[in-house]
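Please keep the sequence and the 3D view at hand while reading.

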Amino acid sequence: AMNLVGDSRKIEVDKLSNEIEQNLLLLGATAIEDKLQEGVPETISYLRKAGLKIWVLTGDKQETAINIGLACNLLTTSSQMVLIFGQEKAPIRRQLAELRKHFSTIDTTNMDLAMVIEGKALSFCLQEDLKLDLLEFAQKCRVVICCRVSPAQKGDVVALVKENTGALTLAIGDGANDVNMIQRAHVGVGISGQEGMQAVMSSDYAVAQFRFLLRLLLIHGRWSYYRICKVILYSFYKNLTFCLTLFWYVFFNGFSGQTIFDSIYIATYNAVYTLIPIAIHGISDQDLHQ
């Protein structure tokens with residue numbers, strides 16, 4: 001039965017299992033709890049308040065993915081979930097068309113809309129004739145959960161958003177199956193943990209736990225953004241000041257080429273006199289406290 005290929009394989013395996021599992025005595029049961037890391041719900045809540053749209057790409061089955069979404073506050077009891085699943089392309093196409101038609105006349109800004117799509121349906125939706133329809137509806141949702149997806153599909157979903165929306169994408173993962181999407185995103189973050197170091201080695205940044213993403217984005221990210229902006233503006237200002245002074249002086253030296261500054265000052269202007277102040281400011285400036 002295990003050597004069969006096609007839809008009949010599962011049926012034959014189930015038949016044999018029913019024949020084998022007869023008159024058994026239950027001695028006990030074991031279970032493994034897949035716990036969330038500390039601070040995951042709070043971190044996701046803050047990221048959503050900051051305006052980030054969160055997509056979950058997981059290989060878990062649909063029920064597990066929805067339970068994870070509820071556990072980490074991505075989904076709530078008031079969330080309006082839209083399930084997209086199927087084994088054929090035609091029903092998926094009709095379902096997307098109906099969703100687009102239904103929500104085209106509805107303002108979804110204040111709606112807690114969530115989309116859950118399975119891997120088989122996602123493989124159809126990522127084809128050229130359906131991927132933009134999927135993206136159009138997904139952009140109306142606050143949360144998108146893709147379950148039963150392969151590593152290649154994870155990368156394709158990231159590329160779909162990256163290439164068609166102009167949004168800045170960030171992918172975070174902790175295992176080898178997340179490497180594809182980490183490399184396809186604008187910014188990749190790897191979590192070092194029990195799943196190995198493949199994600200960390202392929203990422204731009206590495207954190208030990210998911211909750212550290214909050215400090216990376218909302219604290220250090222903000223500081224770095226403001227520091228870089230100020231350094232760039234300062235660099236333009238100081239060079240314009242220096243060049244315009246020389247340009248203005250040519251009207252007083254008869255266009256002879258004589259400079260108003262000594263050569264030693266020209267050589268050390270960028271290297272010494274204007275470097276230290278902006279270097280200190282660019283390293284230590286903190287416009288807001290933590």
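## The largest cavity

The largest cavity is lined by Trp55, Met115, Ile117, Leu122, Leu134, Cys146 and Val157. A cavity here is a set of points, on a 1 Å grid over the protein atoms alone, where a 1.4 Å probe fits but cannot get out, and a lining residue has an atom within 4 Å of a point. The lining divides into 7 nonpolar residues, with no polar and no charged ones, where Ala, Val, Leu, Ile, Met, Phe, Trp, Tyr, Cys and Pro count as nonpolar, Asp, Glu, Lys and Arg as charged, and the others, Gly among them, as polar. The volume of this cavity is about 30 Å³, a volume being the space filled by probe spheres set on the points, with grid points joined across faces, edges and corners.

This is a predicted model, in which local features need pLDDT of at least 70 and side-chain atom pairs count only at pLDDT 80 or more, while totals for chains, interfaces and linings use all residues. Residues are numbered from 1 along each chain as its sequence is written, and side-chain values use heavy atoms, with hydrogens and water left out.

## The second largest pocket

A pocket, unlike a cavity, is an open set of points with protein on both sides within 12 Å along at least five of seven lines. The second largest pocket holds about 180 Å³ of space, and its lining has 2 nonpolar, 4 polar and 5 charged residues. Among the lining residues are Arg48, Lys49, Lys53, Lys140 and Arg142, together with Thr108, Thr109 and Gln139.

## Helix α10

Helix α10 covers residues 212-249, and its 38 residues reach 54 Å from the first C-alpha to the last, close to the 56 Å expected at 1.5 Å a residue. The expected span is 1.5 Å times one less than the number of residues, and helices (H or I, at least four residues) and strands (E, at least two) are DSSP runs, numbered from the N terminus. At Gly221 the helix α10 bends by about 35°, the bend being the angle between axes fitted to the seven residues ending there and the seven starting there.

Which residues of α10 are buried? They are Leu213, Ile219, Trp223, Arg227, Lys238 and Phe242, where buried means under 20% relative accessible area, exposed over 50% and partly exposed in between, with a 1.4 Å probe and protein chains only. These buried residues pack against α2 (40-49), β5 (170-173), β6 (187-191), α11 (263-273) and α12 (276-284), with contact meaning heavy atoms within 4.5 Å.

## Thr58 and Lys154

Thr58 sits in the loop between β1 (54-57) and α3, and it is buried, with a relative accessible area of 13%. Not counting residues up to four places away in sequence, Thr58 touches Ala65, Cys146, Cys147, Arg148, Val149 and Lys154.

Lys154, which lies in helix α7, is also buried, because its relative accessible area is 4%. Leaving aside neighbours within four places in sequence, Lys154 is in contact with Leu57, Thr58, Val149, Asn177, Asp178 and Met181.

## Two positive phi angles

Most residues other than glycine have a negative phi. Asn73, however, has a phi near 65°; this residue is in the loop between α3 (62-71) and β2 (80-84) and is partly exposed, at 39% relative accessibility. Arg148, also not a glycine, has a positive phi of about 55°, and its place is in the loop between β4 (143-147) and α7 (151-165).
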